[in-house]
Structure formats: C-alpha cells, structure tokens
Amino acid sequence: MGAAYYIVLDRKIAGLDPFVNGKAIARESERLAQVTQNLGLRDVNEFVSADPDELMSIAEELGVELPNAPPPEAWFAPNEGLNWISRLESHLIDNPHDVGDASAVLEDLAEYRNLLLAAQAHAARWHFAVDF
C-alpha cells in the first residue's frame, strides 16, 4: 500500500469526509524536503503530530522504550497549511521536474486544500499524521 500523509482535524465536522490520499506526498517526501527548504517553507514533517497516549501505546506494542515522554499533540491553524500548500503548488506548477510525479503531488495538495478550507470554515485545527 505505501506510506501516506493524511490530515487529522481536532474535531469532527458533520457531513465532512476527512479522507485524503497523501501517498504521492509520502513517495516524494525527500524531494519535497529539498523544495520546501529552498522556498523557506516548513518541511511536511514539521506539521506531523500525534496524541502522546497513542504514541506511548504504539511504543509499548512494539516493545520500544521511549527515552522521554512524547511531546504534546500539536495543532495548526488551517491558514498555515493553506499558505504552505499555495506556495508549494505554485512552485511545482512552474517547476514540475523538482519531483518525480508532480501531477500526483498536486492532486494530494488539492485534496489537502479542500479539507483545510472546510476546517477553516468550521474553526477546526489540524495536523498531519503518517500511515505506514
């Protein structure tokens, strides 16, 4: 199946399906890290967060001892993500060769934008999570 970056909202929004693909972003994450660095943007991983209790549970299931307590779950305003998406989209439209499959990355970004616009309309916050 492959890894995917998906959006988690801090609350449910009635009638909104929060599903996004996010697989192209995961496949291209190394190249996107270079693009975002060149643009002075955050790396996608800087928007990743998780519930500390879930992290502890996963670590326990895997038999991994964490050296410290995990950080608190971070939430971002939709506008932060929308600005990031807009700058990245503009760059990739002008420079599609900077990633292996610009079309697929742009599709993921469009799905993110639509979800974050709904989050903005309902004053919900968000962060990325990664599915492996």
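Mentor: Start with the side chain of serine 49, where a polar atom lies 2.7 Å from the backbone nitrogen of alanine 74. The model is a predicted one.

Trainee: What makes 2.7 Å between serine 49 and alanine 74 a polar contact?

Mentor: The cut-off for two N or O atoms is within 3.5 Å. The value here is 2.7 Å, so the distance meets the cut-off.

Trainee: Why is serine 49 called buried?

Mentor: Serine 49 has 11% relative accessibility. Buried means under 20%, so serine 49 counts as buried.

Trainee: Where is serine 49 found, and which residues is serine 49 in contact with beyond its neighbours within four places in sequence?

Mentor: Serine 49 sits in the loop between H2 and H3. Leaving those neighbours aside, its contacts are Pro72, Glu73, Ala74, His127, Phe128 and Ala129.

Trainee: How many aromatic pairs are found in the whole structure?

Mentor: The search gives 9. One of them joins phenylalanine 47 and phenylalanine 128, with 6.3 Å centre to centre and 80 degrees between the planes.

Trainee: Why is the pair of phenylalanine 76 and tryptophan 126 called tilted?

Mentor: Their centres are 5.7 Å apart and their planes are at 50 degrees. Stacked needs under 30 degrees and edge-to-face over 60, so this pair is tilted. The pair also links distant parts of the chain, 50 residues apart: phenylalanine 76 is in the loop between H3 and helix H4 (78-94), and tryptophan 126 is in strand S2.

Trainee: How do you know that phenylalanine 76 and tryptophan 126 are buried?

Mentor: Phenylalanine 76 has 9% relative accessibility and tryptophan 126 has 0%. The cut-off is under 20%, so phenylalanine 76 counts as buried, and so does tryptophan 126.

Trainee: Which residues form the aromatic cluster?

Mentor: Tyr5, Phe47, Phe76, Trp84, Tyr112, Trp126 and Phe128 form one cluster.

Technical notes
Residues numbered from 1 in each chain as written. Predicted model: local features only at pLDDT ≥ 70, side-chain atom pairs only at ≥ 80, totals over all residues. Heavy atoms only, no water. Phe/Tyr/Trp six-rings, centres within 6.5 Å; stacked < 30°, edge-to-face > 60°. Helix = DSSP H or I, 4+ residues; strand = E, 2+ residues; numbered from the N terminus. Buried < 20%, exposed > 50% of the residue type's maximum accessible area, 1.4 Å probe, protein only. Polar contact = N/O pair within 3.5 Å; in protein donor to acceptor, adjacent residues only side chain to side chain. Contact = heavy atoms within 4.5 Å.
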